[in-house]
Structure formats: C-alpha cells, structure tokens
Amino acid sequence: MLRDNIRKIFHEAKERGWVMEPQAKGLLGLAGMDVPRFLFTADVAEAIRFADKIKYPVVAKVVSPDVIHKSDASGVVLGIPGAQRLGEIFAEMGKIRGFQGIIVEESLKGIELIVGMKMDKQFGPVILLGMGGTAVEIYKDVTLRMAPLREHDTESMMRCLIARPLLEGYRGSEGVNVNELKKMLLAFSSLVMEFEKEVESVDLNPVICNASRCVVADARIMLANS
Amino acid sequence: MNLKRLFKPDTMAVVGVSLSNESNPANVVYNKNRLRYPIKVFAVNGKGGTIRGETVYRKLQDIPVKIDLVIIGTKAEIVPSIISDCIEADAGGAVIISGGFAETGSTDLQNYLVSIAKKSDFPFIGPNCLGIFAPGHMDTFFIPGERLVIPDRGKVAMVSQSGGILVDHMVKSAAEGVGVSLAVSIGNKAMIKELDMLRYFKDDPETDVITFYLEGFDEDEGRAFVVAASEIGKPVIVLKSGKTPGGITAVKSHTASIAGDYEVFSSIMAQYGVVEATDEFEMVAFAEALTCYQTTIEGRVAIITGSGGHGALATDTCYAHGLSVPVLSPSAQAELHSVVSPTIREISSFTNPIDLTGSAVDDDFMEVVRSVSRNDDIECIIVLLLPYLPHVTMDLGAKLSLLYQQEGKPIVAYVPHVDKYRMLVEGFMLNKIPVADSIEDAVHMVEAMRRYKSC
C-alpha cells in the first residue's frame, strides 16, 4: 500500500521531471524516514495558524514547479520569529514565478548533512553521504557507496568524512545520533533499490542531524527520462 | 560457458595463414607456436596448399584432429562464417585477432558475431585483440617472439582491454620478477568480458592474483564485476584509465555533480575490497606483494633499517599512504635493546622506525625482525636493506626469508636493484618475499595488503 502511494507520487510528477518538496517529503515519510512537521498551504491564515501550533521560529519555503533551487530564488527563509514576519514573507514569495503556496515547517538545529543518490550507468544506484548545505560542491566532503548499503557500509561512510569529528561531537558541541543516521541511510537505500528505474538522482539536503534525530529538511528528487 | 579448452588447449588452428606473406599476423602466430611451444598447430587458408611442407587446410572441418583453440586473423567480413565453422568442428573456443568491428563503428557485424556464438555457447576472445599468452604453453600475440619481453611463469593473471598496455605490463612484470599465469587481451570484449575472466580465474589453481586494466564497463557490468570480485577469494587489482571527465554535462543535483564517473568507480572498488592501482608501477608492486601475502591488514607497520634517513623517508611515505608506523611499547623497545650486538646497543634507535645504524651485522637484523614478528602491535615489516653497509652480507635476503617462513609476519624489503646486489635481491625473491626497488614501492606493497581503502 505504502509502495503504491510512493509510485503514485512518482507518476504524478513524471511530466515535470522532478518531485516537488511537499510530495517528496510525503514520500520519504512513507519510506520510513524522519521529516519535519510541515504544512503546505496557499492560505496565509492557515500558514499562521500552523506556525502558532508548532511554535516559532519557523521555516518558510516557496513551492513552485518553476523553482528547483529554492535558495537561489530567495525561496527559503529560516528563523521566522512571529506571525507578522511570516505574513510578509508569504506576500514576498507570492511574487515568485509559478507560486503554488509555501511550506511552513519546524526549525531544527543540528549538523547539516547531504544524503544523495544517483543512477550510475556502470554500477546502478550509488549513495552519497557528505557535509550538506549550500556549499556542498565547494567543500566536497563526501563519500560514495554502491547501493544497497550494508550496515558496515553506513559505518565506513561516516568514518570516511573529513568532518567525522563534528559528527562525533567536537569541542563541547554535541554529536549526531549515529543510530538514527544509520537507520535513515538504510531506509534511503531500500527506497532507492526499489525505485531505481524511476529515479535519476536525489539530493536530501540538508539532512539535519542532532543528538536525538536525523531529519530530512529538504529533498529534491529528479526522475528518470524514460 | 566452459573456458578450459580455450585457455588450456592441446591443439590450435590458425585461420588466415598466408602462403606468401610471412609477416601476416596469422603467420606470426602460426610460426611462433609451431617453433616454440608444445602445442600442436595447424594452418588454415581457404586456398589450401602447403607451408614449409606442412598441409594448409582449406577449412577447419578438414583438420583430422579435434581443435581446442582457433585463432582467427582474417578480414572482418568472413569472421562470422569462420565462427560457424568452429562450432561445426566442435572447437573449444576462438581468439579473434581481426579488427574492423565495434571499434570502427561496425557494431552490427560484431553483434551478428556474438549472436552466432551465443546460440551455441561458443566462447571467443576479442575481436580486435592480441588474445592469450600462457607462459611455456602458447602465445596468440601477433608480435614476433624476439620483440616480446617474456615474464616467468607465476601466479599473476593479467587481463587488459588494451593489447599494448598488456604487453607493457608484461615487460614491467618481467623486470620486477613477477611471474604470470595467463595474460589475456580481451579487446572489444564482445563475448568474454572481465566478469567471465574473474569466474574462470576463481577456479584456476595456477592463479593467485588477478589484475585488470580497465577502460570502462558496459551498462551495469561494473556492479556484477565488484560483487564477483569480492566473492572469488583471490585478490583483484584494477588500473583504470579515463579518470578525467570527457565533457561537462549539465546536472541538476549536487549528488550527480559531485559523484563523477571516476569518483564512483574508485569508491566502489574500495567498498568491495578490489585494490585500485593508480599507475602501472603500483599495479606491478601490488601484484608482487599480493602473490606473496594474501592477508588483509589495517596498516600498522614497523620499519627496520640501517640508515636513519631511509627510516624517516619511509615513515613519511607510510603516513602519506594512510599507513601508520606506531611507536613501540617500552617493553618491546627494551627487548630489541637486549637482542642486538653490544656495539650498536647504545647508538641504535628502537622506537620505530628502528635504526640499527651502519654498524649493524646480519644477526642484528635477524634478531630485530624476529622480535618484531612476534609483536602483536605490528602487522607488517618493511626492511630497508642497504647493501653498502659494511657488515651486511649478501646472504641476508635468504636468511630473512627463512625467518618469515618461521614467524609468518609479512616482510617487504627494499634493496636498490642494481646488478651488484642481485644475490641479495634474489635471496628474497626466490623465497617469496617481495622486494621493492624504491622506498615508495615498498610502501605500495604494504598498501596493497590493506585491501579496503575506503578513505
């Protein structure tokens, strides 16, 4: 049943070539991965009601079929302190091309990682773990493995990052919950193996990890052409 | 697909032997196998006739004995019909030297060839290849024998997409004393691919280590290759070309942008314990080390030398390659202090690297290697032997090798490879201790034992 729902999401996104964030998060949640509490809405009053419920500060992100890289289009605002500011941001994002609404979601603290996947011609699905955020391609602190991941692969991936001390807790800062991260990598690996024919590449970026959770804060799923 | 008759044939037919042109590739193959190898060889040419008194058969089916291996060096267009003849004559396999297939755009002709062979499960190597070199048994390379540098018979199997690179690796292996079990140039690998070779060598008692020169895999072939390589129980070494991206393609995700073809290749090889050599020298060093030692280590090395400078350089090189040279425990150091000659006791350094100074004698090296061999903190020993030290004899290689046989801890030696020190080098090599001709190479050899180099 879950798999059918996931397949349905892929099917609906097929023509666009990529899965928009609300659907992507729904899909990852179905696959057993942790996602933030969020609401996708085109109604500002509803957005504010939800934000009140999950408590400020909140995050707001634009949802538009024309915007793949939201940060580049000023489509992401973090740390929104209250209803008034959220209302203003809603209005500003309303001007972005293709605006369908916004995502309002809980703010999360922790280390930003990227978990990714690409279909490789010679090896099939390949999984990436690295330090995430917008500077991924500058630091390139990443490690790659062929899927499906075995448990020892997830351990060696964490060990191989230059930023490994940050994951373990560095100079008084708390590390990440290694078991949650492992669980998430394994769930992602199963998902990837099951839908390798449908997907071309995936960026889960950032995945925010702290001592208790590993949460996929944003996801970009590019679909295969066929 | 049974490859036994293809790789270990008793009889060979060479199709395309010219009656008038001795420099024809088929003639080169026919002549060298007739004159130099114990295999029975027959010539085939559609016109028939004789060559130096021997019958030239019009077709394969006319040969009075059953043919194991057929070498095909004719024009590309008639190769499919010869493959049909092979199948009709119940041959064991073929090497198709001829070019003019996928490499020149004639993909249809190549596919047709494969479809004929597949129907009858008939194995062939190539097309567009040099084929098979089996030391002391046969050689299908169309290179005159006197131009080849022939390595000794040994335990390393070599597979290469490129014939030229294969010949070059044979030259380097011969120079380093690395023996070869079988060398195969698979060319366009239309039928027999790397994966088939892996499966064959898994059960080949003459092969302990398999090396591959790879240009690329076909779709999903890489996945099957690493999985098979991790399951055959013998070390697999790869050298890959085409590491630089051919062109920039627009990619929409960070993952696709960062995970370039080579990064993916290299990471996955390490993930599955396939040893990746970064150049041909490393490849030969890795092969030499892994034929001697098939154990996997994490990388804790002891360095024993008579020259502090060599010890320091080797230590730096170890760390640069992700190996460690841990300081020995006080008790281990005290033991070394007690086993060496009184003359060097106070001037040596026992921390690791262990410097026994220019005054050390053979017995000092022996006792220190023995003691370190029994130290569980150390997994492998690099002995930097400088034969110009006045008290070191040429017997030390053989003596240390014997010590390895007793103690079982891997030793890698460095001795400058010059004629003057040949006996020392051979003392190691003949007794299965790998000897490098540079410090860097010695470290490479140790690195080869640390198979799972994922970061």
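**Entry 1. Helix 3 of chain B**

I looked up what covers the buried residues of helix 3 of chain B, and the cover includes strand 1 (11-15), strand 5 (69-72), strand 6 (93-96), helix 4 (107-119) and strand 7 (124-125) of chain B. I note here that the model is a predicted one. Helix 3 of chain B spans residues 79-88, and I listed Val79(B), Ile82(B), Ile83(B), Asp85(B) and Cys86(B) as buried in it. Viewed down the helix axis, these buried residues fall within an arc of 155 degrees, so they line one face of helix 3 of chain B. On the face turned away from that buried side I found the exposed residues Ser81(B) and Glu88(B). Just after the helix, Asp90(B) has a positive phi of about 60 degrees.

**Entry 2. A sheet in chain B**

I then traced an open sheet of seven strands in chain B, whose order is 9-8-11-10-12-13-14 and whose pairing is mixed. Strand 9 (138-139) and strand 14 (275-277) of chain B each have a single partner strand and stand at the edges, so one side of each has no neighbour in the sheet. I also examined the pair formed by strand 8 (residues 131-134) and strand 11 (residues 180-185) of chain B: the two run antiparallel and are joined by three bridges. For Ile132(B), I recorded Val184(B) as the bridge partner in strand 11 of chain B.

**Entry 3. Domains of chain B**

I recorded the division of chain B into domain 1 (1-127), domain 2 (149-292) and domain 3 (295-449). The centres of domain 2 and domain 3 of chain B, taken over C-alpha atoms, are 30 Å apart. In the contact between them, I noted nine residues of domain 2 of chain B and eleven residues of domain 3 of chain B. Which element gives the most to the side of domain 2 of chain B that touches domain 3 of chain B? I found helix 10 (residues 280-292) of chain B, with seven residues. By class, this side of domain 2 of chain B holds six nonpolar, one polar and two charged residues.

**Entry 4. The nonpolar core**

I turned to the largest nonpolar core, which has 218 residues. The residues with the most contacts inside this core are Val207(A), Val14(B), Val70(B), Ile71(B), Val95(B), Ile382(B) and Val383(B). Helix 10 of chain B provides the largest share of the core, eight residues.

**Entry 5. Contact between the chains**

I noted 30 residues from chain A and 23 residues from chain B in the contact. On the side of chain A that touches chain B, the elements giving two or more residues include strand 6 (111-120), strand 7 (124-131), helix 6 (151-160) and strand 9 (199-209) of chain A. I recorded the classes on this side of chain A as 13 nonpolar, seven polar and ten charged residues.

**Entry 6. Ala47(A)**

I located Ala47(A) in helix 3 (residues 44-54) of chain A.

Notes. Residues are numbered from 1 along each chain as its sequence is written. Chains are lettered from A and ligands numbered from 1 in the order in which they are written. This is a predicted model: local features need pLDDT of at least 70, side-chain atom pairs count only at pLDDT 80 or more; totals for chains, interfaces and linings use all residues. Domain bounds come from an automatic or database domain assignment. Two residues are in contact if their C-beta atoms, placed from the backbone, lie within 7 Å. Helices (H or I, at least four residues) and strands (E, at least two) are DSSP runs, numbered from the N terminus. Ala, Val, Leu, Ile, Met, Phe, Trp, Tyr, Cys and Pro count as nonpolar, Asp, Glu, Lys and Arg as charged, and the others, Gly among them, as polar. A nonpolar core is a set of buried Ala, Val, Leu, Ile, Met, Phe, Trp, Tyr and Cys residues joined through C-beta atoms within 7 Å. A residue is buried if 20 or more other C-beta atoms lie within 10 Å of its own, exposed if 12 or fewer, and partly exposed in between; C-beta atoms are placed from the backbone. The arc is that of the directions from the helix axis to the C-beta atoms. Two strands pair if DSSP finds at least two bridges between them.
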